[in-house]
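This report walks through one protein structure, with its strands, helices, charged pairs and backbone details taken in turn. Please keep the sequence and the model at hand while reading.

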Amino acid sequence: MRNILYAFAGFIILLLLTMLALNIFTRHGSTYEVPNFSGKTVSEIQKMTNNGNLTIEVSDSVYIDSRNRGIIVDQNPKPNTKVKSGRRIFVTINSVIPIMVPMPNLIDLSNRQAKAILDQQGLKIAKLSFAPDIAANNVLAQKIKGYSVAPGTKCLEAQKLN
(Lines give C-alpha, C1' and ligand atoms only; values in the text may rest on other atoms or scores of the structure.)
Protein backbone atom coordinates (compact mmCIF):
# COMPACT_ATOMS: atom_id res chain seq x y z
CA MET A 1 0.00 0.00 0.00
CA ARG A 2 2.86 2.34 0.83
CA ASN A 3 4.41 1.76 -2.64
CA ILE A 4 1.17 2.78 -4.32
CA LEU A 5 1.09 6.03 -2.30
CA TYR A 6 4.76 6.74 -3.22
CA ALA A 7 4.00 6.11 -6.88
CA PHE A 8 0.94 8.34 -6.75
CA ALA A 9 2.88 11.13 -4.98
CA GLY A 10 5.71 10.78 -7.52
CA PHE A 11 3.22 11.01 -10.36
CA ILE A 12 1.66 14.18 -8.88
CA ILE A 13 5.10 15.81 -8.41
CA LEU A 14 6.12 14.87 -11.96
CA LEU A 15 2.84 16.30 -13.30
CA LEU A 16 3.34 19.58 -11.40
CA LEU A 17 6.94 19.89 -12.64
CA THR A 18 5.80 19.26 -16.21
CA MET A 19 3.06 21.93 -15.93
CA LEU A 20 5.57 24.43 -14.48
CA ALA A 21 8.10 23.70 -17.25
CA LEU A 22 5.41 24.12 -19.92
CA ASN A 23 4.34 27.43 -18.40
CA ILE A 24 7.92 28.71 -18.55
CA PHE A 25 8.71 27.27 -21.99
CA THR A 26 5.52 28.49 -23.74
CA ARG A 27 5.58 31.94 -22.05
CA HIS A 28 1.97 31.45 -21.01
CA GLY A 29 0.23 34.77 -20.42
CA SER A 30 2.79 37.02 -22.14
CA THR A 31 1.11 38.17 -25.35
CA TYR A 32 1.32 41.23 -27.54
CA GLU A 33 -1.39 42.80 -29.66
CA VAL A 34 -0.60 42.98 -33.38
CA PRO A 35 -0.84 46.59 -34.61
CA ASN A 36 -2.54 47.53 -37.88
CA PHE A 37 0.24 47.89 -40.47
CA SER A 38 -2.10 48.65 -43.39
CA GLY A 39 -1.09 51.76 -45.32
CA LYS A 40 2.42 51.93 -43.88
CA THR A 41 5.75 51.14 -45.56
CA VAL A 42 7.99 48.26 -44.48
CA SER A 43 10.61 50.67 -43.06
CA GLU A 44 7.94 52.40 -40.95
CA ILE A 45 6.70 49.16 -39.42
CA GLN A 46 10.21 47.89 -38.75
CA LYS A 47 10.74 51.00 -36.60
CA MET A 48 7.47 50.18 -34.79
CA THR A 49 8.64 46.62 -34.02
CA ASN A 50 12.28 47.37 -33.13
CA ASN A 51 11.76 46.19 -29.55
CA GLY A 52 12.04 42.61 -30.85
CA ASN A 53 8.57 41.46 -29.87
CA LEU A 54 7.46 40.93 -33.48
CA THR A 55 9.33 40.05 -36.68
CA ILE A 56 8.11 41.40 -40.02
CA GLU A 57 8.43 39.26 -43.14
CA VAL A 58 7.28 40.29 -46.63
CA SER A 59 5.53 37.22 -48.00
CA ASP A 60 4.04 38.56 -51.22
CA SER A 61 3.55 41.61 -53.39
CA VAL A 62 0.67 42.68 -55.57
CA TYR A 63 0.14 45.69 -57.79
CA ILE A 64 -2.99 47.74 -57.15
CA ASP A 65 -3.04 50.85 -59.32
CA SER A 66 -5.37 52.77 -56.99
CA ARG A 67 -3.08 52.43 -53.93
CA ASN A 68 0.26 54.04 -53.12
CA ARG A 69 3.30 52.04 -54.12
CA GLY A 70 5.33 50.25 -51.45
CA ILE A 71 2.64 50.26 -48.76
CA ILE A 72 1.28 47.24 -46.92
CA VAL A 73 -2.09 46.03 -48.19
CA ASP A 74 -2.56 42.87 -46.08
CA GLN A 75 -1.11 41.17 -43.03
CA ASN A 76 -1.30 37.82 -41.28
CA PRO A 77 -2.16 37.57 -38.38
CA LYS A 78 -4.79 40.29 -38.62
CA PRO A 79 -4.63 43.49 -36.53
CA ASN A 80 -5.58 43.33 -32.83
CA THR A 81 -4.75 39.61 -32.64
CA LYS A 82 -2.90 38.48 -29.51
CA VAL A 83 0.44 36.78 -30.29
CA LYS A 84 3.53 35.73 -28.35
CA SER A 85 6.85 37.57 -28.56
CA GLY A 86 9.07 36.73 -31.52
CA ARG A 87 6.07 35.96 -33.75
CA ARG A 88 6.56 36.51 -37.48
CA ILE A 89 4.02 38.83 -39.07
CA PHE A 90 3.62 38.14 -42.80
CA VAL A 91 2.77 41.20 -44.88
CA THR A 92 1.76 41.73 -48.50
CA ILE A 93 2.97 44.97 -50.07
CA ASN A 94 1.80 46.96 -53.06
CA SER A 95 4.62 46.54 -55.56
CA VAL A 96 6.75 49.56 -56.38
CA ILE A 97 7.17 48.41 -59.98
CA PRO A 98 4.05 47.25 -61.84
CA ILE A 99 4.03 43.79 -63.35
CA MET A 100 5.07 43.59 -67.00
CA VAL A 101 2.88 41.39 -69.22
CA PRO A 102 3.31 40.48 -72.89
CA MET A 103 0.94 42.20 -75.30
CA PRO A 104 -1.39 39.59 -76.79
CA ASN A 105 -2.08 39.46 -80.52
CA LEU A 106 -5.48 41.12 -80.88
CA ILE A 107 -5.41 41.84 -84.61
CA ASP A 108 -8.39 40.29 -86.47
CA LEU A 109 -10.20 39.38 -83.24
CA SER A 110 -13.68 40.68 -82.47
CA ASN A 111 -13.99 43.62 -80.11
CA ARG A 112 -15.58 41.40 -77.43
CA GLN A 113 -12.82 38.75 -77.68
CA ALA A 114 -10.11 41.43 -77.49
CA LYS A 115 -11.68 42.98 -74.36
CA ALA A 116 -11.85 39.56 -72.67
CA ILE A 117 -8.18 38.81 -73.45
CA LEU A 118 -7.07 42.25 -72.23
CA ASP A 119 -9.02 41.84 -68.99
CA GLN A 120 -7.41 38.45 -68.46
CA GLN A 121 -3.92 40.00 -68.97
CA GLY A 122 -4.67 42.92 -66.63
CA LEU A 123 -4.58 45.53 -69.42
CA LYS A 124 -7.22 48.24 -69.75
CA ILE A 125 -8.73 49.93 -72.81
CA ALA A 126 -8.41 53.72 -72.68
CA LYS A 127 -9.92 54.60 -76.05
CA LEU A 128 -11.52 52.77 -78.95
CA SER A 129 -11.13 54.12 -82.49
CA PHE A 130 -13.35 52.86 -85.28
CA ALA A 131 -12.39 52.71 -88.95
CA PRO A 132 -14.44 51.45 -91.88
CA ASP A 133 -13.65 47.81 -92.67
CA ILE A 134 -15.40 44.81 -94.15
CA ALA A 135 -15.24 43.01 -90.77
CA ALA A 136 -17.39 45.05 -88.38
CA ASN A 137 -16.07 45.43 -84.80
CA ASN A 138 -12.78 43.66 -85.51
CA VAL A 139 -9.45 44.90 -84.14
CA LEU A 140 -7.38 46.42 -86.93
CA ALA A 141 -4.48 47.84 -84.83
CA GLN A 142 -3.31 47.81 -81.23
CA LYS A 143 -1.62 50.91 -79.79
CA ILE A 144 -0.28 52.32 -76.54
CA LYS A 145 -0.24 56.13 -76.29
CA GLY A 146 -0.77 56.37 -80.02
CA TYR A 147 2.12 54.08 -81.03
CA SER A 148 1.60 50.65 -82.59
CA VAL A 149 2.57 47.76 -80.32
CA ALA A 150 3.72 44.39 -81.63
CA PRO A 151 2.40 41.21 -80.02
CA GLY A 152 4.74 39.95 -77.29
CA THR A 153 5.98 43.45 -76.33
CA LYS A 154 6.16 43.83 -72.54
CA CYS A 155 3.61 46.31 -71.19
CA LEU A 156 2.79 47.51 -67.69
CA GLU A 157 -0.04 45.43 -66.30
CA ALA A 158 -2.27 48.42 -65.57
CA GLN A 159 -1.35 50.12 -68.88
CA LYS A 160 -4.21 51.75 -70.75
CA LEU A 161 -4.38 50.96 -74.46
CA ASN A 162 -5.82 53.21 -77.13
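Does Glu33 count as buried, partly exposed or exposed, and at what relative accessibility? Glu33 counts as partly exposed, at 44% relative accessibility, where buried means under 20% relative accessible area, exposed over 50%, and partly exposed in between, with a 1.4 Å probe and protein chains only.

## Basis of the model

This is a predicted model, in which local features need pLDDT of at least 70 and side-chain atom pairs count only at pLDDT 80 or more, while totals for chains, interfaces and linings use all residues. Residues are numbered from 1 along each chain as its sequence is written, and side-chain values use heavy atoms, with hydrogens and water left out.

## Salt bridges

A salt bridge is taken here as a side-chain nitrogen of Lys or Arg within 4 Å of a carboxyl oxygen of Asp or Glu, and by this rule the count comes to 3 salt bridges. In one of them the side chains of Lys82 and Glu33 meet at 3.5 Å, N to O. This pair links distant parts of the chain, with Lys82 in strand S4 (residues 82-84) and Glu33 in strand S1 (residues 31-33), 49 residues apart; helices (H or I, at least four residues) and strands (E, at least two) are DSSP runs, numbered from the N terminus. Lys82 counts as exposed, at 54% relative accessibility.

Glu57 forms a salt bridge with Arg88, and the closest N and O atoms are 3.3 Å apart. This pair, too, links distant parts of the chain, Glu57 being in strand S2 and Arg88 in strand S5, 31 residues apart. Glu57 is partly exposed, with a relative accessible area of 31%, and Arg88 counts as partly exposed at 44%. Asp74 and Lys78 also meet through their side chains in a salt bridge, at 2.7 Å from N to O; Asp74 is partly exposed with a relative accessible area of 36%, and Lys78 is partly exposed with 47%.

## The three-stranded sheet

An open sheet of 3 strands has the order S2-S5-S3, with mixed pairing; two strands are said to pair if DSSP finds at least two bridges between them. Strand S2 (54-62) and strand S3 (72-76) stand at the edges, each with a single partner strand, so one side of each is left without a neighbour in the sheet. From one strand to the next, the twist averages 30 degrees, with axes fitted as lines to C-alpha atoms (for helices over the stretch in contact) and angles running from 0 to 180 degrees between N-to-C directions.

Strands S3 and S5 (residues 87-94) run antiparallel and are joined by 4 bridges. Within S5, Val91 is the bridge partner of Gln75.

Helix H3 (residues 111-121) has Asn111, Ala114 and Leu118 as its buried residues. Seen down the axis of H3, these buried residues fall within an arc of 60 degrees, so they line one face of the helix; the arc is that of the directions from the helix axis to the C-beta atoms. On the other side of H3, Arg112, Asp119 and Gln120 are exposed. Leu118 is buried, with a relative accessible area of 4%, and just after H3, Gly122 takes a positive phi of about 90 degrees.

Phe8 has its place in helix H1 (residues 2-25) and is exposed, with a relative accessible area of 53%. The C-alpha atoms of Leu118 and Phe8, 110 residues apart along the chain, are separated by 74 Å.

## Backbone details in the loops

A cis peptide bond, with omega about 5 degrees, joins Asn76 and Pro77, and Pro77 lies in the loop between S3 and S4. Asn137 has a positive phi of about 60 degrees although it is not a glycine; Asn137 lies in the loop between strand S7 (124-125) and strand S8 (143-144), and is partly exposed with a relative accessible area of 48%.

Lys145 is another residue other than glycine with a positive phi, near 55 degrees. Lys145 lies in the loop between S8 and strand S9 (147-148), and is exposed, with a relative accessible area of 64%.
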